[in-house]
Amino acid sequence: MAIRIDIASEFKDKGFKQADKATTSLQRNLKSLGKTLVGVLSVREVVQFGKASVRAFEEDERAATRLTQTLGNLGLAFEDSRVTAYIADLERASGVLDDKLRPAFQSLLTTTGSVTKAQDLLGLALDVAAGSGQDVTTVAGDLSKAYVGNTRSLAKYNTGLSRAELQTANFAEVQALLAKQFSGQNAAYLDTYSGKVAVLNIAYANMQETVGQGLVDAFTILQGDKGIGGGVKVMDGFGDSIANTTRGIANLIAAFSDLRTYGTTVFEFFRNVDPFAPWSAITQMGKVKPKPFQTPMSVSGSTDAQVKIDRARAKAESDAAKRAKELLALTKKQVKSQEALNKKKKEEGILGQIAQRFDLERVQIAAALRGQIDDVERLRLELMQAILDEDVKRAIILEGQLIKAEAAAKELADLLDSLDEMVGDPFVDWPSKITRIQELLKQLNIKIPIETLFAEKGLRLDQSTMSVTKLERMDVDANNVYINGQLMNQNQTMVNTGQALSAEVWKEFTADNPLVVAAVENAAEANLALADAELLLAESLLAESDGTIEINVNVDGSIISEGDLAETIINEIYRNQRNGTGIFLSSVAI
Amino acid sequence: MPVVVEGVPELKRALKKFAPDLRAQMDAEIRIALKEVRDAARNKVPGVPPGNLYNWADTGAEVNSRTSKAREFPKFDSTMIRRGITYKMGATKRNRQGFSALYSLFNSDAAGAIAEWAGRVNPGGRVQKAGRNYGQSSKNIGQSNNPNAGRIFVGAMNGIGPLKQYDKFNRGRGRILYAAYADNSGKALDSVMKAIDKASKLLNYRVNYGKAA
């Protein structure tokens, strides 16, 4: 048994025979369809070919006329035959139809004003078109735009230049780059099968145009020297034409009754009569009479015609070169002014962005933090000064410093705001919080002691144990007021009722600093009297109350970390198990 | 009256009759997709028996069956295994469930099939005669005197590569062809479906408009 993987299985119901029948039926139908089509197409195709031929000829002629007119308008009418020959040669050599070459050449010619330059660029356009897969007319249009400085449309050819580089590059650079990148692409394309088919297509299209010209001429002759509105319409109305011709013959016969034309008609008929082919006289009469040549002719100057053409050509080329130089200078000027404008815009943008920082909200924040965040304020003021001075470099540096300082200030403000909440949370990691606050104070160059900041929040910070407790009473006295970061009354002790000594005072006290010792003792005595007074007041208040006593319990410091708590619970459970105490509800007597 | 062609074999038949160039194009595209899997599978086959099982290598000597089965245990010949990994462009017969595979990939060599599937049911190897427990049925057990023979063999086969599963079913696990198809991540199937779809659209276009697209 072979191992097999089935790919793309198909579910086949019992209708296999029906499908088979359907296939056979399809075969029959297609065969009959094929036979029918062969019969129909043989006539239809000929008619379609005729229509297409006439249309192709019309379009070709229209394009040629347009180009000739353009040449005339540019004062280059004498180049018409040269351009026509060039287009015809290029069509055969490049495998691109003249229907596309003419508009492409026309756009280049209109822009450059030089036949030679337009020829160069058309050659480049052919290579670029073959290399990029774009239409040659599109490429020529893009090159024309680039010639006058609009290089934006060249981005799609993947030249390897950025948009900014394209904008600043002049046309000579762009032309050199494209030539380097796409050189020989059209020749390579013609070597391919597809290229050879394209050349065949051109031969076919030319044949179609020739046939179309023949058909148009034929119908022109049939219609007389008035011409035809459109060969296709005439072909469609061929039957009508026959009917009209019949009617025309009747009219002709009727015309014989007119004595004024009778003599002329008869004379012409007998003049053309061939004794061996009498009907040829009618054919001869149907031929279009050549129109009299109306353009005045002169032989004078015909000998120096070529010299004149050469002179005109040289003048046109020099005008075109002059124009190209002007365009180059203009492009350079534009690039320069654009660069200056971009620089100015960039600087304005930076200043504008920085200026936005001084909105109302930020001013309010600054006001709220005033007096504490000295460093931020200093930076802000300096930055404002730099903006007013339009010192972009300094403004950028200060802005960076300000952003950092503001972030630090915000963090400090958030930390201080959250102290109230944290103090009730037994899991707060106070050492890290306190350390962070100290770091921020140092970073922001704030000289207010951390204890003061805590005291303003109604908290007491003990740095020796890194713990925080709520103050039993909020005493704001001279000892706790700091101005400009300096402690007032430094000679006095900081002994408050119910408060422990501060670290500094405690240090001096333990060092037996007589001044401090005396101060502490004095304060203690004063506090003793105050405490007695408070006790009396408390007792009286209790007596007046209804006996309900509200007890507030404060948890001092971090009691335990989360991991320690879990461990403690587990140990307790183990202990209970060892003691035989049930830990589940079912095992506890309720 | 509209003519409907239903099913890929019917489409292929219609293409063969009315647009042979499209049929050739479609087959070529599908062949490329299948060849990619086939070549990947062939590349997985080692030149010598995996795990240094040198006695399994085909030396050309005549081999006799050592079991009750008439056919001998196949020898490992990497050339034959690679040759056995192939694909088929024709649709299979409809199975009992009514499904017909349009294209198939094969690992048809016996030794290749063993290397592909060994250890799928018993990842630790089958119980051998020598290691049979008392009262255990002798049915479907190995005939080796080495109780670890199955484990060693499966371990050696894992040297080719792990068992990979190409579809959601457990049965679609293998080391060579199945693994190559699993590594292909459905690209082959996608290419096949795209080729069929493209050919059907082109045929439809030609029938309706009488032109080459």
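**View 1. Overall make-up of chain A in the predicted model.** Helices, meaning DSSP runs of H or I with at least four residues, and strands, meaning runs of E with at least two, are numbered from the N terminus. In this predicted model, the secondary structure of chain A comes to 23 helices and five strands. Chain A has 590 residues, of which 29% count as buried, and the chain exposes about 38500 Å², with carbon and sulfur atoms supplying 57% of that area. Among the contacts in chain A that link residues at least 6 apart in sequence, 58% join residues at least 24 apart.

View 2. Ser114(A) sits in the loop that runs between helix H3 (98–112) and helix H4 (115–132) of chain A. With a relative accessible area of 3%, Ser114(A) is classed as buried, because that value falls under the 20% cut-off. A polar atom of the Ser114(A) side chain lies 3.1 Å from the backbone nitrogen of Lys117(A). When neighbours within four places in sequence are left aside, the residues in contact with Ser114(A) are Leu109(A), Glu317(A) and Ala320(A).

**View 3. The largest pocket and its lining.** The largest pocket has a volume of about 2100 Å³. Its lining is made up of 44 residues, and those closest to the centre of the pocket are Phe73(B), Pro74(B), Ile114(B), Arg126(B) and Phe153(B). In chain B, helix H4 (110–117) and helix H5 (149–157) each supply at least two residues of this lining, and H5(B) gives the most, with five residues. By residue class, the lining of the largest pocket divides into 18 nonpolar, 18 polar and eight charged residues.

View 4. Rolling a probe the size of a water molecule over the atoms shows where empty space is left. The count comes to one cavity of 30 Å³ or more, and the largest cavity has a volume of about 30 Å³. The elements that give two or more residues to the lining of this cavity are helix H2 (20–44) and helix H7 (187–209) of chain B. The lining consists of Leu22(B), Gln25(B), Met26(B), Glu29(B), Ala195(B), Lys198(B), Ala199(B) and Leu202(B), and these residues divide into five nonpolar, one polar and two charged.

Notes. Residues are numbered from 1 along each chain as its sequence is written. Chains are lettered from A and ligands numbered from 1 in the order in which they are written. This is a predicted model: local features need pLDDT of at least 70, side-chain atom pairs count only at pLDDT 80 or more; totals for chains, interfaces and linings use all residues. Side-chain values use heavy atoms; hydrogens and water are left out. On a 1 Å grid over the protein atoms alone, a cavity is a set of points where a 1.4 Å probe fits but cannot get out, and a pocket is an open set with protein on both sides within 12 Å along at least five of seven lines; lining residues have an atom within 4 Å of a point. Grid points are joined across faces, edges and corners, and a volume is the space filled by probe spheres set on the points. Ala, Val, Leu, Ile, Met, Phe, Trp, Tyr, Cys and Pro count as nonpolar, Asp, Glu, Lys and Arg as charged, and the others, Gly among them, as polar. Buried means under 20% relative accessible area, exposed over 50%, partly exposed in between (1.4 Å probe, protein chains only). A polar contact is a pair of N or O atoms within 3.5 Å; within protein, one must be able to donate a hydrogen and the other to accept it, and residues adjacent in sequence count only if both atoms are side-chain atoms. Contact means heavy atoms within 4.5 Å. Accessible areas come from the Shrake-Rupley method with a 1.4 Å probe; for residues, only the protein chains shown count as cover.
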